[in-house]
Amino acid sequence: MIAFYTDRLSACPGEPVQIFASDDSGGPCTLEIARVGADRRVFNTVAGIAPGHHPTPDDADTAGCDWPLAHTFTIGSDWPTGYYDLALTNAAGERWHHFVCVRPARGEKTAKALLVLATNTYHAYNYWGGRSAYCDVGALMSGRKRLPDAMAGAIGVLSTRRPFPQAIIAAPDDVPRLANLRSRGFGERPWASDPNWRLRAQMTPYDGSAGFLNKWEHRFVEWAESEGIALDYATDRDIECEPAMLDGYAAVMVVGHSEYWTAGQRDAIEAYVDSGGNFAIFSGNTAFWKVRFDDGGGSFICHKWRGFEDDPAASADAAQGTHLWSHNAFARPEAAITGLTFLFGGYHRLGLCAARGQGGYTVYDSLHWSLAGTDLYYGDLIAPELPLLGYENDGCRFTFGSDGVPRAVPTLGVPENLEIVAIAPCAFGEEPGSPYPPIIPPENLDIIARDVFGDPAYATSPGIIRGHAVMASFRRGRGEVFNCGTTEWAHALAARDPFVTRITRNVLSRFGIE
């Protein structure tokens, strides 16, 4: 078997990247470095790398692999900013993938927009060595534990010095979307995505929710580059460590599953918007969890629901805790910067969550600037046949004005000046009491009711799981935020849906990108 990881996930031209590898083939390995966008372009090939075989420690998921250095390469001065696939092939023909994000040269910008790769989410889902922030995946897939027990084995300290499972980083081109592409039939058992494909591919339930290749970020970049839209690239960690890098961009964008934000990353984006920057969110479930890095970036801290009980740093300083951004201890709900929250949204076309859902947004504010030239009017559906909606979606509470347009209820950080464009029902979990085994059970509603809403009794209210996906925008400081409210936006662009394409171009135009 062959596997490897790098010392960093991003680098600028002229900077070195170190590779730490293990290979039991006994022969030399070849490294191929290729930029992945609308096409795949190889920039360097290195032969004769001999890593040798090194065991994976029992605690690799928390402490890392500590493999020896196998090779160092330098980012070329002519390598354009972007996502680079690192593929290492051994003498037996086995191949392992990792990646590096190439940023523009320090102090330079090559595009008007910065795309921030959701690498924190990659870390949260990484189960190399057995466990992730979600589950003891190794025990689950081997049959040693059933799902509830395996989920109880999730870890809150995850090493960044280990490989990524290949289904996360290098998913095949035909990997199915997480959304169910059709609505549930009468009496039909609920399902999630394409279970037969995943069974054949031996993918875990946690492989589809993160990663670049053939997932949301890749699909968005393919569309953008094919349309001649230039982008600069950075990672979540870059934004935290170098917040000034945002200065001067017309817009900053997240287009993947940007679920995990550090305080430094959030500080940077809020300061950028307040000073006049534009923030485009073409995704859903954005900034849901607060996380941090320790050990110089070597440890990703993500205790999730047990963010105060299991974290000594949080006991000393609540601000260091890792939990929901909407937790009352932080007094800083994510909707203050995103406009929306997953707590008021949820799932659509997944399990029993809106299993017969409409699949697209219903237009309410047809005069909103994002719909200019779209030929969309009050009551129209946006891309229901794709479907546009699915997997995870963000929303808000709202009432209706006398003009028939929804008005945001300013609660849990949702800004009063939020302009709601379109909505659709979704659910934070499946309705209890159904005759079907749950696929998306409501998660820790008691914690949400107590620590977010301040009302333990709210945990039993149907309203805690009944939500809406929302597309909206708002002004903040001197800047503006647009939030499409759904993870599946990039797939609609990949399908060349004319309505979604025009809306996207309207956002880019308003935000000074084209």
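Helix H7 is followed by Gly228, whose phi is positive, near 75°. The model described here is predicted.

H7 spans residues 216–226. Eight of its eleven residues are buried, so the helix is largely enclosed by the rest of the structure. The buried positions in H7 are Trp216, Glu217, His218, Arg219, Phe220, Val221, Trp223 and Ala224.

Two of these buried residues, Trp216 and Glu217, also line the largest cavity. The structure holds one cavity of 30 Å³ or more, and the space in the largest cavity is about 30 Å³. Helix H2 (119–125) and helix H7 are the elements that give two or more residues to the lining of this cavity. Besides Trp216 and Glu217, the lining includes Ala118, Thr121, Tyr122, Ser209, Ala210, Gly211, Gly256 and His257. By class, the lining residues divide into four nonpolar, five polar and one charged.

The cysteines were also examined for disulfides. A disulfide is a covalent bond between the sulfur atoms of two cysteines. A search of the whole structure finds zero disulfides. The cut-off for a sulfur pair is 2.5 Å.

| Cysteine | Closest cysteine sulfur | Sulfur distance |
|---|---|---|
| Cys12 | Cys101 | 8.9 Å |
| Cys302 | Cys135 | 14 Å |

The sulfur of Cys12 is too far from that of Cys101 for a bond, and the sulfur of Cys302 is likewise too far from that of Cys135. Cys12 is buried, with a relative accessible area of 1%. Cys302 also counts as buried, at 1% relative accessibility.

The remaining element to describe is a sheet. Four strands form an open sheet in the order S10-S16-S15-S13, with mixed pairing. Strand S10 (157–159) and strand S13 (260–262) stand at the edges; each has a single partner strand, so one side of each is left without a neighbour in the sheet. From one strand to the next, the twist averages 35°.

Within this sheet, strand S15 (residues 289–294) and strand S16 (residues 299–301) pair in the antiparallel sense over three bridges. Phe293 has Phe300, in S16, as its bridge partner.

How values were computed:
Residues are numbered from 1 along each chain as its sequence is written. This is a predicted model: local features need pLDDT of at least 70, side-chain atom pairs count only at pLDDT 80 or more; totals for chains, interfaces and linings use all residues. Side-chain values use heavy atoms; hydrogens and water are left out. On a 1 Å grid over the protein atoms alone, a cavity is a set of points where a 1.4 Å probe fits but cannot get out, and a pocket is an open set with protein on both sides within 12 Å along at least five of seven lines; lining residues have an atom within 4 Å of a point. Grid points are joined across faces, edges and corners, and a volume is the space filled by probe spheres set on the points. Ala, Val, Leu, Ile, Met, Phe, Trp, Tyr, Cys and Pro count as nonpolar, Asp, Glu, Lys and Arg as charged, and the others, Gly among them, as polar. Buried means under 20% relative accessible area, exposed over 50%, partly exposed in between (1.4 Å probe, protein chains only). Two strands pair if DSSP finds at least two bridges between them. Axes are lines fitted to C-alpha atoms, for helices over the stretch in contact, and angles run from 0 to 180 degrees between N-to-C directions.
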